[in-house]
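Keep the structure in view while reading.

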Amino acid sequence: MTTTLITGANKGLGHETARQLIAAGHTVYVSARDAERGRRAAEQLGARFVLLDVTDDATVEAAAKTIAADGGLDVLINNAGTASRADAHSEPTAATVTADQMRDTFETNAFGVVRVTHAFLPLLQRSAAPVVVNVVGGLASLTNLSAPESPTHFYPGVAYPASKTAVNMLTVQYAKAFPDMRINSVEPGFIKTDLNDNTGTQSVEEGAEVIVRMAQIGPDGPTGGYFDANGPLPW
Ligand SMILES: NC(=O)c1ccc[n+]([C@@H]2O[C@H](COP(=O)([O-])OP(=O)(O)OC[C@H]3O[C@@H](n4cnc5c(N)ncnc54)[C@H](OP(=O)(O)O)[C@@H]3O)[C@@H](O)[C@H]2O)c1
């Protein structure tokens with residue numbers, strides 16, 4: 001039996017990833033920072049619920065204790081994320097972004113990944129086939145954001161892509177440090193969720209596919225890589 005924890009799984013890609021992994025036979029912990037919304041999602045999905053705010057040490061440590069007491073963890077999906085908005089549709093650009101806005105975004109998207117991974121490493125190390133999936137997206141790619149021919153080149157925001165590029169570095173460094181684990185970054189696509197005010201062009205079903213696939217890779221699968229639905233991506 002494979003036990004999987006998904007952060008930020010009360011809605012969006014995390015929720016759909018939970019649905020698909022439960023269908024594939026995983027025991028899934030849906031985690032959320034809001035107990036009521038998280039519990040409701042878990043009940044609807046047939047998942048377990050655990051309270052977990054990725055910016056809060058106490059909830060992360062309590063969640064790790066609960067899951068350890070229940071039997072441990074095989075797969076961690078670092079999915080929770082935020083995009084700080086200057087207005088309803090865009091995030092601050094290089095002309096306006098402040099250190100506080102950067103810190104806010106990094107607190108969830110990058111430090112949150114470290115906080116959660118650090119707390120669950122001892123459990124993952126006890127698993128026979130430990131896996132970590134970091135949901136970063138295409139805006140993490142330095143190669144694509146700096147290439148004029150890339151569809152993501154136009155993106156003017158700073159904090160969100162910088163925080164996700166930082167997670168790509170976490171993927172590389174953790175994967176080297178823990179060669180017995182499969183640790184990868186994934187890009188789900190441009191998915192219609194609250195994160196982009198539902199302006200995405202693909203469904204959560206399509207977006208979750210690569211997350212679910214990388215959550216199910218066996219010990220012979222890749223590690224320290226960055227993938228979308230079609231294969232490896234440039235960093
Ligand atoms: N949608 C896209 O096109 C796209 C593309 C590339 C990558 N991604 C990444 O995919 C992941 C999921 O995003 P989504 O598109 O599904 O957006 P979403 O529907 O807005 O879901 C984001 C989830 O993260 C949770 N969250 C935010 N801050 C949190 C915190 N401090 N602690 C715990 N949970 C927290 C949210 O909880 P609340 O409901 O409490 O806010 C929500 O459950 C994110 O990492 C995002 O960057 C999305």
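The model is predicted.

**Helix 2.** Helix 2 covers residues 35–45, and its buried residues are Gly-38, Ala-41, Ala-42 and Leu-45. These residues sit on the same side of helix 2, because they cover an arc of only 100° around the axis. An α-helix has 3.6 residues a turn, so residues three or four places apart point the same way. The buried residues pack against helix 1, strand 2 and strand 3. Glu-36, Glu-43 and Gln-44 are exposed, on the face turned away from the buried side. Gly-46 follows helix 2, with a positive phi near 80°.

**Helix 3.** Does the length of helix 3 fit, or what span should its residues 57–70 give? At 1.5 Å a residue, its 14 residues should span 20 Å, and the end C-alpha atoms are 20 Å apart, which agrees. Val-60, Ala-63, Ala-64 and Ile-67 are the buried residues of helix 3. They lie on the same side of the helix, because their arc around the axis is only 100°. Their packing partners are strand 1 (3–6), strand 2 (27–32), strand 3 (48–51) and helix 5 (111–125). Ala-58 and Ala-69 are exposed on the face turned away from the buried side. Gly-71 comes after helix 3, and its phi is positive, near 135°.

|---|---|---|

**The core.** In soluble globular proteins, nonpolar side chains tend to be buried together. Here the largest nonpolar core has 53 residues. Val-30, Ile-77, Phe-120, Val-133, Ile-211 and Ala-215 have the most contacts inside it. Helix 8 (residues 204–215) gives the most to this core, with 7 residues. Beyond its neighbours within four places in sequence, Val-30 is in contact with residues including Ile-6, Ala-9, Asn-10, Ala-18, Ala-47 and Phe-49.

**The ligand shell.** Which residues come nearest to the ligand? Of the 28 around it, they are Gly-8, Gly-12, Gly-81, Gly-137 and Leu-195. Helix 1 (residues 12–23) supplies the largest share of the shell, 3 residues. By type, the shell divides into 9 nonpolar, 14 polar and 5 charged residues.

How values were computed:
Residues numbered from 1 in each chain as written. Predicted model: local features only at pLDDT ≥ 70, side-chain atom pairs only at ≥ 80, totals over all residues. Helix = DSSP H or I, 4+ residues; strand = E, 2+ residues; numbered from the N terminus. Expected span 1.5 Å × (residues − 1). Buried ≥ 20, exposed ≤ 12 C-beta atoms within 10 Å, placed from the backbone. Arc of directions from axis to C-beta. Contact = placed C-beta atoms within 7 Å. Near = placed C-beta within 6 Å. Nonpolar A, V, L, I, M, F, W, Y, C, P; charged D, E, K, R; others polar. Core = buried A, V, L, I, M, F, W, Y, C linked by C-beta atoms within 7 Å.
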